[in-house]
Amino acid sequence: SSTAAETSADTTPAVQEFNVAIVQQLDHASLDEIRTAIVAQLQALAEEKGVKVNIQEFNGQNDATVLNQIGAQVVGDGVDLIIPIATLAAQCMVTAADGTDIPIVYAAISDPEAAGLTGLSNVTGTSDALNTAFILDMMLAANPDIKTVGLLYSNSEANSTTPIAEAKAYLQEKQIDFVEKTGNTSGEIVEAAASMVGRVDAVFTPTDNTVMTAELSIYETFTEAGVQHYTGADSFALNGAFVGYGVDYVQLGEATADMVVELLCDGKTPADLPFQTFDNGIATINTETCEALGLDLDTVKKAFAPYCTEVVEVTTAENFG
């Protein structure tokens, strides 16, 4: 009887297990939203496929030294796949995994080529590249009399380089002045935002992680001064900015998880899966900020309509996802 039971147990197929590390660059609402979507989709797909995905979550606190330590740890642990969220995290994980065959599926890299993440056999992922011209078109559609635009971003983030260059070229072509202010910490961004008051009619920020961490601290400064803040993600609007424009981060997170499962379960390689971009067509308006700016919501939505496939209305929340 005992032997029969052991034989039966031995022939039961073991559930296939995979160990995955999610490495988030820092805490802020956008990246939290992406991580939550990735985890939920991985768990749902694992159940559907009849496999087990063990997920370890790490946060680098926007510190390259910490991220490199995390990279060394997860590579040393022999994980099956790494999911870095945001550009610096992805760059550190690629360095850590150099010389191994560990696949890396990044999430929310605004400019994979500029970040050095293309042409690598073990690397793919999802991009939240911004259609800069469309968001500036929306800005002018809502306020055709704009004379000066503020450009607020971190000059240490590779993901901001291309859209800021695009914004400068756009504004120069339209003969609109701009004021450029940067900061590499939340405190510096708060100071930079305050210094723009009285000098600009509106402000543009791309998908910049440093500004995102400060949005809850700066949106009232802009709103009280009548300055409209146009930004490169819905999460900025959820934290108080007038408008967020770009990809749906839940959709991006789910697509990232889909790619992970294709690699782990379906025999695909990163070379089989080029990095994905998304339709930059969703405008998110913070209705509280819109009202505080003295703008009519219906008029704003009508002005935005030619440049977006959908308009979403939100109110300010400290946490979401």
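Reader: How do the residues of the lining of the largest cavity divide into nonpolar, polar and charged?

Author: In this predicted model, the lining of the largest cavity is made of 8 nonpolar, 7 polar and 2 charged residues. As a general idea, rolling a probe the size of a water molecule over the atoms shows where empty space is left. Here the structure holds 1 cavity of 30 Å³ or more, and about 110 Å³ of space lies in the largest cavity. Its lining has 17 residues, and those closest to the centre are L31, D128, T207, N209 and Y249.

Reader: Which helix gives the most to the lining of the largest cavity?

Author: Helix 2 gives the most, with 3 residues, while helix 2 (29–49) and helix 8 (209–224) each supply at least two.

Reader: Which residues of helix 8 are buried, and how should I read such a list?

Author: An α-helix has 3.6 residues a turn, so residues three or four places apart point the same way. In helix 8 the buried residues are N209, T210, V211, M212, A214, E215, I218, Y219, F222 and T223. N209 is also among the residues closest to the centre of the largest cavity.

Reader: At which residue does helix 8 bend, and what span should its 16 residues have?

Author: Helix 8 bends by about 70 degrees at E215. At 1.5 Å a residue its 16 residues should span 22 Å, and the end C-alpha atoms of helix 8 are 23 Å apart, which agrees.

Reader: What is found at the start of helix 8, and what just after helix 8?

Author: At the start, a side-chain oxygen of D208 comes to within 3.0 Å of the backbone nitrogen of T210, whereas just after helix 8 the residue G226 takes a positive phi of about 75 degrees.

Key:
Residues numbered from 1 in each chain as written. Predicted model: local features only at pLDDT ≥ 70, side-chain atom pairs only at ≥ 80, totals over all residues. Heavy atoms only, no water. 1 Å grid on protein atoms, 1.4 Å probe; cavity = no way out; pocket = protein on both sides within 12 Å on 5 of 7 lines; lining within 4 Å. Points joined across faces, edges and corners; volume = space filled by probe spheres on them. Helix = DSSP H or I, 4+ residues; strand = E, 2+ residues; numbered from the N terminus. Nonpolar A, V, L, I, M, F, W, Y, C, P; charged D, E, K, R; others polar. Expected span 1.5 Å × (residues − 1). Bend = angle between axes of the 7 residues up to and from the residue. Buried < 20%, exposed > 50% of the residue type's maximum accessible area, 1.4 Å probe, protein only. Polar contact = N/O pair within 3.5 Å; in protein donor to acceptor, adjacent residues only side chain to side chain.
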